[in-house]
Amino acid sequence: AGLLGKTTSTAVFFAITCYGWLLFRAESFEQISAFTRILLFDFGNLAFGADLPRFAALLGIPLLAAIEVTEHFSCDRRFYLRQPALLQGALYALMIFVLTLGTSNEPAQFIYFAF
């Protein structure tokens, strides 16, 4: 069970979990059948209609990537704990700000709303 086996089993588990969520979201067996058919056989329409990434994602992803790359190349897992408190506080404040930008006031349906 090397890296390829672990990666494959993780991907399969993820796919099964996502399909399970689809079952909870569907309103009928016909809709489940249609969703399954589209997932397995409909590769002609790959336009999934998603909006452009939110501003928070455009800020947050590069921020997180910079933090991870900096920690990786420092070869010190406690790199940020060794920084001055002011820098630590600024990083935390920036992350909270980006997370706050990503929040929404729109109501979201609970996954089990049909039960």
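Select Cys75 to begin: directly after helix H3 in this predicted model, Cys75 takes a positive phi of about 55°. Cys75 is a residue other than glycine, and most residues other than glycine have a negative phi. Its place is in the loop between H3 and H4. Helices here are DSSP runs of H or I with at least four residues, strands are runs of E with at least two, and both are numbered from the N terminus. Cys75 counts as exposed because its relative accessibility is 72%. The terms are set as follows: buried means under 20% relative accessible area, exposed means over 50%, and partly exposed lies in between, with a 1.4 Å probe and protein chains only.

Residues are numbered from 1 along each chain as its sequence is written. The model is predicted, so that local features need pLDDT of at least 70 and side-chain atom pairs count only at pLDDT 80 or more, while totals for chains, interfaces and linings use all residues, and side-chain values use heavy atoms, with hydrogens and water left out.

**Helix H3**

Next, select residues 55-74, which form helix H3. How far apart are the end C-alpha atoms of H3? They are 29 Å apart, which agrees with the 28 Å that its 20 residues should span at 1.5 Å a residue. The expected span is 1.5 Å times one less than the number of residues in the helix.

Colour Ala56, Gly60, Leu63 and Ile67, the buried residues of H3. Viewed down the helix axis, these buried residues fall within an arc of 70°, so they line one face of H3. The arc is taken from the directions that run from the helix axis to the C-beta atoms. An α-helix has 3.6 residues a turn, so residues three or four places apart point the same way. Turn to the other side of H3, where Leu58, Ile61, His72 and Phe73 are exposed.

Now show residues 85-102, helix H4, against which the buried residues of H3 pack. Select Ala56 and its neighbours: leaving aside residues up to four places away in sequence, Ala56 touches Val98, Leu101 and Gly102. Contact here means heavy atoms within 4.5 Å.

Which residues make up the largest nonpolar core? The five are Ala56, Leu63, Ile67, Tyr80 and Val98. H3 contributes the largest share of this core, three residues. A nonpolar core is a set of buried Ala, Val, Leu, Ile, Met, Phe, Trp, Tyr and Cys residues joined through side-chain atoms within 4.5 Å.

**Helix H1 and the cysteines**

Move to Leu23 in helix H1, residues 3-25. Leu23 counts as partly exposed because its relative accessibility is 39%.

Then select Cys18, which is partly exposed, with a relative accessible area of 28%. A search of the whole structure finds zero disulfides, where a disulfide is a pair of cysteine sulfur atoms within 2.5 Å.

**The whole chain**

Buried residues make up 10% of its 115 residues.
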